[in-house]
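Subject: Structure handover

Hello,

Here is the structure for you to look through. My notes follow below it.

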Amino acid sequence: MIRFTLKETPSVPLEAEVLSPDALVSLAADQIRALPVLLGKRRRRLDEFFEVEGDGGDEIEIRGDAQRVKWIGRGMTRGTLRIDGNAGMHLGSAMSGGTIEVSGDVGDWLGAEMTGGVIRVRGNAGGQVGAAYRGGLSGMRDGLILIDGSAGLELGMRMKRGTIVVGGPVRDFAGLQMKGGTIVLREGAELRTGAWMNRGTIVSLKPIPLLPTFARAATYNPTFLRLYARRLASFGCGLPYDEQDGRYIRYTGDTAVPGKGEILVWEPRA
Amino acid sequence: MKALRISGGTVYDPANGIDGVVKDLCIADGCIVADTSLAPGARTIDATGMVVLPGGVDVHTHVAGGALNFARGLVPENQRAARKFLHGLDRRAGLGGMTPTTFATGYLYAGMGWTTVNEAAVPILSARHTHEELHDIPIVDKTSLVLMANNEFVLDLLEAGEAERAKHVVSWLVWAAKAYGIKAVNPGGVEAWKWGKNANTLHAPIEGYKTVTPAQIISSLATIADDLKLPHPIHLHCNNLGVPGNFATTTETMRVLDGHRAHLAHLQFHAYGGDDWSTMRSESAKVADAFNAQPHLTADAGAVLFGDAVTITADGPWQHLLYQLTGRKWGNLDVENETGCGIVPYVYKDRNLVNGVQWAVGLELLLLIDDPWRIFLTTDHPNGGCFWRYPEIIHLLMNAEFRKEQLQKLPEKTRQRILLADLDREYTLSEIAIISSAGPARSLGLSRKGHLGVGADADVTIYPVRPDHGFLFSYPRYVIKGGAIVVEEGDVKDVTEGREFIVHPECDAQIEEYIRPLFEKVYTMSFANYAVEMERLRDPEVMPCK
């Protein structure tokens with residue numbers, strides 16, 4: 001295991017995509033210390049900002065308030081990345097495998113365009129979780145993002161596959177231009193959820209304001225949610241599906257596109 | 001300027017009847033000179049074992065202007081995936097991809113051995129912008145054609161039977177745009193599109209007019225181009241582009257042209273049979289037969305390659321149809337009283353019947369039209385594929401076996417609708433030099449381009465070995481443009497500036513007084529700002545109309 005302890009929060013964003021199991025697994029401690037990071041536009045050594053302990057292996061632990069450290073775990077394919085504290089923008093961007101765990105909050109673009117792996121955030125996340133970068137046609141293509149706290153704008157924008165679960169409230173445009181995959185909103189979301197969505201499923205356990213371009217289609221208890229519930233239960237977050245507890249109202253849209261997406265809103269039994 | 005000798009290369013110069021002769025080429029002051037007039041001590045390039053060809057000439061491409069910028073903005077996903085050009089000591093940064101940026105366009109063309117390009121569709125209203133962009137495309141020389149077949153001034157005069165005045169208006173507009181010739185896109189159809197219609201039949205009056213037909217527009221503009229003695233004839237994008245069964249329109253257009261000179265653009269998109277998308281088939285044989293019998297016509301292939309493309313054309317109604325077929329993105333522009341424009345990103349897929357037929361038709365036309373001096377290598381960049389993929393087409397043309405291997409990848413259903421399996425012709429190196437350089441230069445009337453005779457511009461491309469394998473065309477060892485070595489060992493070394501060729505056809509001095517009041521009535525800009533000033537062009541050269 002390798003442990004990085006942040007000496008102090010940098011004054012400007014630090015770009016540290018080397019903080020990834022793939023980049024570190026074969027390196028000795030002194031090689032790791034010398035890895036390049038960018039402080040603003042200046043190229044610096046990793047050990048100017050972090051204390052480094054241990055070497056080898058694909059298990060990484062980062063301690064400290066890394067809210068200004070960007071691109072951690074970029075493109076990682078394997079291993080474990082544990083962050084005891086906060087993390088900056090683009091955490092786990094384009095990752096395809098492995099696990100990221102964060103005890104604090106994370107910035108924007110968490111897991112943007114990821115294609116696999118699991119990200120678990122105990123705190124809050126910024127905007128564009130699992131989204132497509134500007135100009136990209138599709139956002140996350142597989143994998144699982146679990147956020148215990150809240151999330152910002154454009155959650156899952158243009159996502160194509162995979163699952164995002166948010167425990168806290170979510171801001172506007174969740175599932176914007178969604179093409180597939182599943183978003184679970186345990187505390188609902190603000191405005192324009194599912195705008196321009198083509199396909200995919202948004203599950204909300206709380207009533208949410210809907211766009212007029214979504215039409216009420218049915219009331220039912222979809223079978224596939226049992227599978228999702230079982231999988232999510234292994235991460236400690238349940239999902240109601242039983243008829244005895246309530247039912248889902250299904251809305252289809254966004255007919256402005258026109259899309260074949262769905263928003264399922266949970267209605268507990270009175 | 002420095003003198004240069006290229007020694008020991010095998011020279012292919014079809015315009016001067018030289019077919020694979022080992023000889024020296026001498027260059028001084030940017031031109032090819034006779035051996036005796038070269039000063040001693042000139043730098044020598046040892047081209048032993050290499051192939052020496054005249055620099056490529058692209059007769060039909062879209063590399064600058066409003067429509068192209070619209071396309072650039074519409075496909076950011078392509079820009080992200082595009083090849084990056086980092087800035088260096090003498091090179092500017094840019095992006096390659098489907099719609100390369102200005103500087104990258106120059107590097108990519110030169111890097112492939114092409115040294116002259118013709119921007120084939122410029123509305124007069126965006127001519128100033130187009131010239132600014134052409135100004136920023138380094139190395140290659142440029143010409144541009146101005147859109148005329150849906151210009152309401154011209155159509156109104158044709159309706160009124162004032163052919164003579166129409167000629168002077170066209171002449172004035174060509175000079176106002178600082179263009180090199182006349183482009184006609186879907187004659188009458190783009191005008192009809194402003195009413196939500198199209199012009200599908202050549203002999204019916206177009207929407208908004210009582211008598212003017214597409215046929216009348218075509219023959220009038222062809223006559224005008226001849227009367228004005230323009231070096232390049234009317235450059236015609238026929239009606240019904242892309243539509244199954246459109247070969248009949250294309251052959252009828254050839255009849256309507258009735259002996260006038262004309263260049264038929266991207267002929268591939270105009271040689272389909274069938275009644276709808278499910279019955280679409282190749283009619284390249286019928287189109288090639290009709291074309292072979294009309295010696296005054298030239299054409300470019302507009303070949304399609306599988307993969308990503310962006311379709312950009314003034315043909316607004318067609319683009320709307322294509323958008324409905326793809327369901328992706330669509331851009332549409334109205335250019336006041338002159339023309340329109342549509343943009344649709346597109347992916348050509350080999351499993352798709354229509355795309356498979358399109359791929360085959362482009363190659364079939366290149367193989368079935370027997371005079372290489374009349375059919376030229378293009379993809380209608382970026383419509384059928386990017387210009388930097390020309391080497392792939394060259395490979396397909398030079399190697400029948402490779403072509404048949406590729407053919408096997410198409411579904412059986414597609415193979416029943418095309419003729420390509422029966423065509424065994426293989427292009428020779430000399431024929432490749434004709435369709436990619438000598439032919440288009442002759443069709444454009446650029447007498448100093450496309451050949452290596454004494455007095456020609458020293459635009460020379462040197463490939464490392466005899467490129468039987470067409471892909472080698474991707475990597476010239478040296479490219480010489482105007483006497484300067486711009487590419488060495490496949491890398492852009494010396495970035496020179498390209499020139500622009502324009503024409504100044506004769507026109508009645510009073511015609512401006514006719515246009516001005518009309519213009520002030522119907523346009524949104526001031527007349528004084530309409531015509532492009534000479535200062536906007538980089539190193540322009542006015543070519544004679546004779």
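Chain A has three helices and 17 strands. Helices (H or I, at least four residues) and strands (E, at least two) are DSSP runs, numbered from the N terminus. This is a predicted model: local features need pLDDT of at least 70, side-chain atom pairs count only at pLDDT 80 or more, and totals for chains, interfaces and linings use all residues. Residues are numbered from 1 along each chain as its sequence is written, with chains lettered from A and ligands numbered from 1 in the order in which they are written.

Chain A, overall. Its radius of gyration, taken over C-alpha atoms, is 19 Å. That agrees with a compact globule of 270 residues, which would have a value near 18 Å (the rule is 2.2 Å times the number of residues to the power 0.38). The C-alpha trace of chain A spans about 60 × 35 × 25 Å along its principal axes. Of the 270 residues, 47% count as buried. Buried means that 20 or more other C-beta atoms lie within 10 Å of the residue's own; exposed means 12 or fewer, partly exposed in between, with C-beta atoms placed from the backbone.

Strand 13 of chain A. This strand covers residues 182-185 and has both faces covered. A:T182 and A:V184 are buried on one side, A:I183 and A:L185 on the other. Strand 12 (residues 163-166) of chain A runs parallel to strand 13, joined by four bridges. Pairing requires at least two bridges found by DSSP. A:I164 stands opposite A:I183. Strand 14 (residues 201-204) of chain A also pairs with strand 13 in the parallel sense, over four bridges. There, A:V203 is the bridge partner of A:V184.

The cores. A nonpolar core is a set of buried Ala, Val, Leu, Ile, Met, Phe, Trp, Tyr and Cys residues joined through C-beta atoms within 7 Å. The largest has 170 residues. B:V52, B:V146, B:I182, B:L221 and B:L365 have the most contacts inside it. Helix 12 (residues 353-368) of chain B gives the largest share of this core, 10 residues. A second, separate core has 74 residues, including A:F49 and A:V121.

A sheet in chain B. Three strands form an open sheet in the order 19-21-20, with antiparallel pairing. Strand 19 (307-313) and strand 20 (331-335) stand at the edges, each with a single partner strand, so one side of each has no neighbour in the sheet. Seven bridges link strand 19 to strand 21 (residues 339-348) of chain B. B:I312 stands opposite B:I343 in strand 21.

Best wishes
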